[in-house]
Amino acid sequence: MTRLFTPRAWTAIFAVAAVLVVVLPALHLALPDSHPLHVSSFWITLLGKFMCYAVVALAMDLIWGYTGILSLGQGLFFALGGYAFGMYLMRQIGRDGVYKSDLPDFMVFLDWKELPWYWAGSDSFLWAAFLVVAAPGLLALVFGFFAFRSRIKGVYFSIITQALTFAAMLAFFRNDMGFGGNNGFTDFKRILGYPITAPEMRTLLYVLSGLYLLTALIVARWIVTSKLGRVLTAIRDQESRLMFLGYRTLYFKLFIWTLAAAMSGIAGALYVPQVGIINPSEMSPANSIEIAIWAAVGGRGTLFGPILGAFAVNGAKSWFTVAYPEYWLYFLGLLFVLVTLLLPRGLMGLADRLRSRRTPARPAEETDLVLREARS
């Protein structure tokens, strides 16, 4: 049986998880704002957002890095999960809104008299949790079935997913869709009756994001080290040969495609209450292209790489958009070009290259012995 991680990797994973999920929240809650070791709510929110992004990058790695399916619409599934949970958050506002109505403020402003039928049950947390998974998962299942059955792949699949995302963005911008139009959902008040802006709730959402990222990493690693993972890699490398051997690759691709969409939807649901807003701009094709860049910068087909790429690129984005906002897109484009030309395996490939330089070369006799043992 293939082990998930080496003992050294497990140690590193749990050390980082302990810092992110235990130490930082404790420093945020236990220490006063004036203490030099206090972690501010800004950093808790920022890192929580980054961890949600990291899950989406991990999902992208499963479909692109391991299966060879380049999607330029992953941001759509992320946004659908956010909207599904945002509906619940809007219902939790109750009569605390501007218009003191049971309807969301944007519906009162647009002179809606009642909730549309697809908002039924949106005041239930369990129903919202179901929709977070079902909405992106069902869309991915239906779309993927027809796309994969038609043998659409490569750049054609990428263009179609980008077109799907753009069409959804335009639809959600319409006021008559019932999702807030251009402004989307905002002004959230509470979750399960608890104030959403309370430090305890903010920290809980942050911790849940960290635990979800850890769980997603372990599940993804289990998939790629299993027989299923080997089939997915074979689809990426030589799908026609796999089909000749009798494998029905449609269902393998459909499974990992739907799973990646559901993973992104849950990440979107954790993202929305932390940032306090969800609007159609989250469905912008540019956002989906950025997700692909996270995976490319970190290193496709490594799992750890896309997580690192999500943190690195979004950390750079946070700094650039404050210090030099007009140069961010130029930097992002330059970064992608440089990684493509100089670091085709991303940051993880660079780390492997540096590690190999530090490791002394084996003598010829020892190398031959290792090879003979491997063959036996």
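**Salt bridges, helix packing and a buried aspartate**

Lys153, Glu239 and Lys253 are joined in a network of salt bridges, a salt bridge being a side-chain nitrogen of Lys or Arg within 4 Å of a carboxyl oxygen of Asp or Glu. The structure is a predicted model, in which local features need pLDDT of at least 70 and side-chain atom pairs count only at pLDDT 80 or more, while totals for chains, interfaces and linings use all residues. Residues are numbered from 1 along each chain as its sequence is written, and side-chain values use heavy atoms, with hydrogens and water left out.

Across the whole structure, a search finds nine salt bridges. One of them pairs Arg174 with Asp176 at 2.7 Å, N to O. Arg174 counts as partly exposed because its relative accessibility is 48% (buried means under 20% relative accessible area, exposed over 50%, partly exposed in between, with a 1.4 Å probe and protein chains only). Asp176, at 47%, is partly exposed too. Asp102 and Arg95 form another salt bridge, with their closest N and O atoms 3.3 Å apart.

What, then, of Asp61, is it buried or exposed? Asp61, found in helix α2 (residues 41–65), is buried yet has no salt bridge. The nearest side chain of opposite charge, Arg300, is 6.6 Å away; here Lys and Arg count as positive and Asp and Glu as negative, with His and the chain ends not counted. Leaving aside neighbours within four places in sequence, Asp61 is in contact (heavy atoms within 4.5 Å) with residues including Tyr66, Arg300 and Pro306.

Helix α2 also packs with a partner. Helices are DSSP runs of H or I with at least four residues, numbered from the N terminus. The axes of α2 and helix α9 (residues 249–275) come within 9 Å and cross at roughly 170 degrees; axes are lines fitted to C-alpha atoms, for helices over the stretch in contact, and angles run from 0 to 180 degrees between N-to-C directions. The two helices are therefore roughly antiparallel, a label for angles over 145 degrees, whereas those under 35 count as roughly parallel. Among the contacting residues are Ile44, Cys52 and Leu62 of α2 and Trp257, Met263 and Tyr271 of α9.

A second pair is α10 (residues 285–298) and α13 (residues 346–358), whose axes come within 3 Å and cross at roughly 5 degrees. That angle makes α10 roughly parallel to α13. Ala296, Val297 and Gly298 of α10 meet Gly346, Leu347 and Met348 of α13.

Definitions and conventions. Parallel < 35°, antiparallel > 145°, perpendicular 65-115°, else oblique.
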